[in-house]
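Please read this note with the model open beside it. Each point can be checked by selecting the residues it names.

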Amino acid sequence: MPGWLTGTAAIALAAGTLLGLRTPRIWLAATLLAATALLAAAIGELRTGVPWDWHSRFLVAGQQVHWRMDAISAVFIAVLAFVGGLGAVYSRGYWDDRHHPRSAPRSRVWWSAMLLSMLVVLLSANGLHFLIAWELFALCSYFLITLERRDTEVRAAGWLYLAASHAGTLCLFAFFSALAARTGTWELGPVRDHPELAPLFWIALAGFGVKAGLFPLHIWLPSAHANAPSHVSALMSGVAIKLGLYGIIRFGGWLPLPPAAGWVVMAVGAVTGLLGIAFALAQDDFKRLLAYSSVENIGIILVGVGGGLLGVTHGDTAWGRLAMAGALLHLWNHAVFKSLLFFGAGSVLHATGTREMSRLGGLWRAMPWTAILFATGAVAVAALPPLNGFVSEWLVYLGLFGAVTSHHSAAVVAMPAIIVLGTTGALALAAFVKASAMIFLGGPRTALARSVHESGRWMLGPMLVGAVACLALGLVPLVFWPGISTAVGAWNSGWAAEPAANPLRVLGPVQVGIAATVLLGVAVLRRRAVTGPVPVGPTWDCGYAAPTARMQYTSGSFAGIATGWFGWILAPERRMRRPRGFFPAEASRIERFPETVLERVLGPAARLTLRFAATARRLQHGRLQFYIAYVVVGLLGLAALVVTGVKP
Amino acid sequence: MMTVIEIALRLAGWLVLAPLLPGIINQVKAWVAGRRGPPVLQLYYDLARLWRKRIVLSTLASPGFLAGPAVAWVAILAAAMLLPLGPAGTALSFKGDVLLLIYLLALARFATAWAALETGSAFEGMGAAREVSYAVLAEAAIITAVLSLSVHTGSITLAEMLEPASGAGAALLAGGLFTVLLAENCRVPFDDPNTHLELTMIHEVMVLDHSGPPFAAILHGASMKLLLFSILLTEAVVPLGSLNPIVATGILLAGVLVVTVGVGLVESLLARLAFRRVPLLLTTAFLLCLFALLVAWKGATA
């Protein structure tokens with residue numbers, strides 16, 4: 001059965017790639033068919049837990065094609081199907097042929113090709129094919145990011161993505177070839193019995209970490225996510241960076257682990273989470289904010305993965321299992337609410353044409369549905385009960401606390417991770433109160449926010465599905481637990497035999513109770529407060545008679561206190577013209593938060609390298625007699641070495 | 001049937017007793033200042049009056065403006081229901097409930113800040129910005145305190161964590177949690193619940209535009225939060241589980257009273273801090289909780 005479904009999906013995606021250029025409807029049908037088939041295959045796999053294998057009779061690149069779907073790949077395939085399908089529907093309203101006659105057909109082709117290549121990455125059980133599919137996937141996402149290639153900023157973002165991605169791929173080449181050389185085959189599988197392979201884990205962490213967006217390897221992520229069309233951002237954030245995590249999780253479960261693996265991953269995750277959300281809070285561009293929040297969520301997932309790895313290296317499974325389950329569930333949750341948020345951001349961008357929150361405000365009136373759906377996503381991403389983000393973070397917390405309460409040596413890293421996770425949660429709340437309020441609440445700050453329209457059904461539909469999924473994952477997590485439990489068992493084969501203790505049995509109903517009480521409370525208060533016509537007036541600004549919308553708190557002023565604490569890493573650039581004299585004419589304050597690692601570390605380092613190279617280039621000037629002189633000097637030097645007998 | 005009655009009793013207890021605390025604080029402040037002060041039951045009168053009143057809305061406010069106070073109130077009440085009440089235990093106890101409690105308080109913060117930003121008032125934006133920013137430090141302190149209790153007792157269930165005393169770190173924890181209580185409940189030295197100069201406030205300035213029943217929900221929710229934190233503080237420090245139930249109940253009540261009077265005294269004797277000093281004080285609270293954690297860790301591994 002999974003064979004048929006996966007085969008159908010692969011054929012449908014291939015057909016979509018071929019037909020997408022001319023026939024949007026057939027393309028959409030094919031993509032949705034593929035998404036449904038993949039979702040069914042993944043669900044089937046997560047229910048049974050029996051891996052599915054397929055060997056081809058033909059060879060590709062000299063290797064037999066070997067596809068395997070086990071519960072771990074099924075977790076990711078479910079994400080791929082969900083976001084891939086929703087994004088395809090969304091793009092029909094957001095990136096239609098009428099407004100984008102040149103790039104919309106290209107968008108469809110690359111979309112299908114990207115889904116197909118990601119599917120092959122997730123299914124490949126052969127290292128060589130994995131690498132080929134990985135490279136194709138990187139190229140497809142490059143073309144999707146640069147759909148609007150006339151814009152120089154978009155081209156720069158695409159180029160940065162391509163460069164960073166290939167730096168990661170370079171590590172993966174080293175990783176897979178070393179693995180193949182050591183094991184004697186390109187076939188992938190558990191190699192825990194080769195302890196000498198343990199150092200390869202670090203190469204894999206770096207190579208996949210670039211794609212996942214670990215701090216400080218995340219440099220490509222904010223600009224790529226912000227400049228890509230929003231359905232592409234959703235796919236990148238929901239699925240593409242998860243493929244980096246797939247590599248880390250997959251090979252963390254197969255490779256022999258270095259003793260430090262667990263706590264390094266957990267520490268990296270904690271740093272990624274905290275700094276990711278600090279950068280997110282500082283942004284004024286709402287798509288950059290969402291992108292940095294993806295960095296944060298990758299950090300949270302990695303903290304859970306680190307807990308799982310610690311559980312493996314210490315042979316204690318109860319809390320490691322919980323942390324890993326939390327990580328896998330958070331991966332789903334993040335894909336769901338982040339695609340919802342990127343769709344919402346796309347609708348706002350579509351309606352107003354700006355990504356700057358300080359120019360928006362009060363959009364709820366014109367876009368009530370987008371506002372409420374975006375708010376749902378914001379509550380979910382801030383990990384607040386009763387939505388889904390809380391459930392998975394809670395599981396990660398349980399795992400970490402389990403390590404602490406058992407007074408395990410892993411507690412030394414689990415305790416700081418818990419504190420950082422708590423702080424990250426509070427910062428995420430600040431960032432998403434800011435994002436939703438600056439866009440949708442208050443009054444319109446500029447004319448751009450005044451003449452807006454609600455999005456159409458093609459755009460609202462996928463957002464509604466995303467919000468419902470947020471609710472479902474939050475209120476009835478019990479339904480999803482068996483699948484996650486199977487996946488955790490499949491991740492580390494030593495764990496499969498243990499019965500799964502279900503911590504969600506109480507939390508699920510409690511979440512439902514909270515949601516019901518909240519609705520009841522809102523209804524009662526509303527009924528009590530609105531009994532007749534309600535007097536309405538301008539906002540009471542402490543008696544100031546002529547308030548304007550420009551006097552509202554902006555995103556910069558809202559985040560100012562907390563970003564001040566992170567000034568050491570955010571390194572904001574400020575330009576200020578103070579008001580002067582008794583009748584000041586004008587004053588201004590411009591603040592920009594650069595991508596610190598890229599602009600303050602990598603940029604200068606690259607410039608230094610170039611300058612050094614330029615200096616070295618002077619030696620190569622094309623004058624033959626000098627070249628002969630170099631040779632003579634070199635020979636004389638060697639001769640001197642030989643004569644004096646100095647041994648190097 | 002018994003559970004329904006029990007839950008109803010608990011609800012009634014929280015709903016009815018909570019507004020007493022601000023009254024006691026005001027009495028203490030009046031006593032220190034040598035004034036007569038408002039009646040202890042003043043907040044009850046205010047709530048009844050507000051509940052009967054009509055509301056006024058800003059032209060900019062969305063339906064979320066009314067939903068915010070309701071969500072915040074329900075979240076605080078739900079958090080309160082998770083808290084064990086000394087010998088009476090808790091209505092519902094499960095592994096990890098303490099994290100749900102913390103995140104329910106965060107939900108209340110989200111809803112309050114959301115409603116504050118509805119009206120587009122610069123003052124309320126200021127209050128919301130301060131609230132969500134200082135909460136970052138307060139949350140770090142709370143989670144550290146929880147961690148120290150958890151290390152000490154080897155559990156993450158509130159009922160089990162709060163039963164024994166927090167051991168040698170009790171004084172540190174008390175100092176840290178009391179500071180967090182002052183910050184989270186918007187009392188001096190972080191905030192001044194009395195002033196009407198909006199520039200200097202956090203909580204009051206976030207609720208400037210609320211009126212009528214929603215405002216009643218906000219005031220009542222704030223008093224429940226104060227009661228919640230006083231009970232939490234008392235239980236974290238005093239080993240109620242090892243005492244006879246009647247004595248334990250008496251000590252719990254006395255503890256809440258001591259905390260309340262303490263808040264009143266702090267409010268009478270201290271001035272509000274300059275805002276740039278607030279993070280320093282909250283960091284001190286975090287450090288106190290961190291030292292409590294280290295003491296607990298030392299005690300647990302020794």
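1. The model is predicted. Please keep this in mind for every value that follows.

2. Begin with the contact between the two chains. Chain B contributes 63 residues to the contact and chain A contributes 59 residues. On the side of chain B that touches chain A, the elements giving two or more residues are strand E1 (57-58) and the helices H4 (64-82), H5 (97-117), H6 (122-153), H10 (212-237) and H12 (278-301), each of chain B. H6(B) gives the most, with 18 residues. Sorted by class, this side of chain B holds 41 nonpolar, 15 polar and seven charged residues.

3. Strands also link the chains. Strand E3 (residues 536-537) of chain A is joined to E1(B) by two bridges, and the two strands run parallel. Which residue in E1(B) is the bridge partner of A:Gly537? The partner is B:Ser58.

4. Next, the core. The largest nonpolar core has 355 residues, and A:Ile77 and A:Leu80 touch the most other members. Helix H15 (residues 411-440) of chain A supplies the largest share of this core, 22 residues. Leaving aside residues up to four places away in sequence, A:Leu80 touches A:Leu38, A:Leu115, A:Met118, A:Leu119, A:Leu122 and A:Val239.

5. Then look at A:Val597, in helix H21 (residues 596-617) of chain A. Is A:Val597 buried, partly exposed or exposed? A:Val597 has 17 other C-beta atoms within 10 Å, so it counts as partly exposed; buried would need 20 or more, and exposed 12 or fewer. A:Val597 and A:Phe215 are 382 residues apart in sequence, yet their C-alpha atoms are 8.9 Å apart in space. With residues up to four places away in sequence not counted, A:Val597 touches A:Pro216, A:Ile219 and A:Leu602.

6. Last, a pair of helices in chain A. Two packed helices are described by the angle between their axes and the distance between the axes. The axes of helix H5 (residues 127-145) of chain A and helix H6 (residues 152-183) of chain A come within 10 Å and cross at roughly 175 degrees. Angles over 145 degrees count as roughly antiparallel, so H5(A) and H6(A) are roughly antiparallel to each other. Among the residues making the contact are A:Phe130, A:Trp134 and A:Tyr142 of H5(A), and A:Tyr161, A:Phe173 and A:Phe176 of H6(A). By class, this contact has 14 nonpolar, four polar and one charged residues.

Key. Residues are numbered from 1 along each chain as its sequence is written. Chains are lettered from A and ligands numbered from 1 in the order in which they are written. This is a predicted model: local features need pLDDT of at least 70, side-chain atom pairs count only at pLDDT 80 or more; totals for chains, interfaces and linings use all residues. Two residues are in contact if their C-beta atoms, placed from the backbone, lie within 7 Å. Helices (H or I, at least four residues) and strands (E, at least two) are DSSP runs, numbered from the N terminus. Ala, Val, Leu, Ile, Met, Phe, Trp, Tyr, Cys and Pro count as nonpolar, Asp, Glu, Lys and Arg as charged, and the others, Gly among them, as polar. Two strands pair if DSSP finds at least two bridges between them. A nonpolar core is a set of buried Ala, Val, Leu, Ile, Met, Phe, Trp, Tyr and Cys residues joined through C-beta atoms within 7 Å. Axes are lines fitted to C-alpha atoms, for helices over the stretch in contact, and angles run from 0 to 180 degrees between N-to-C directions. Angles under 35 degrees count as roughly parallel, over 145 as roughly antiparallel, 65 to 115 as roughly perpendicular and the rest as oblique.
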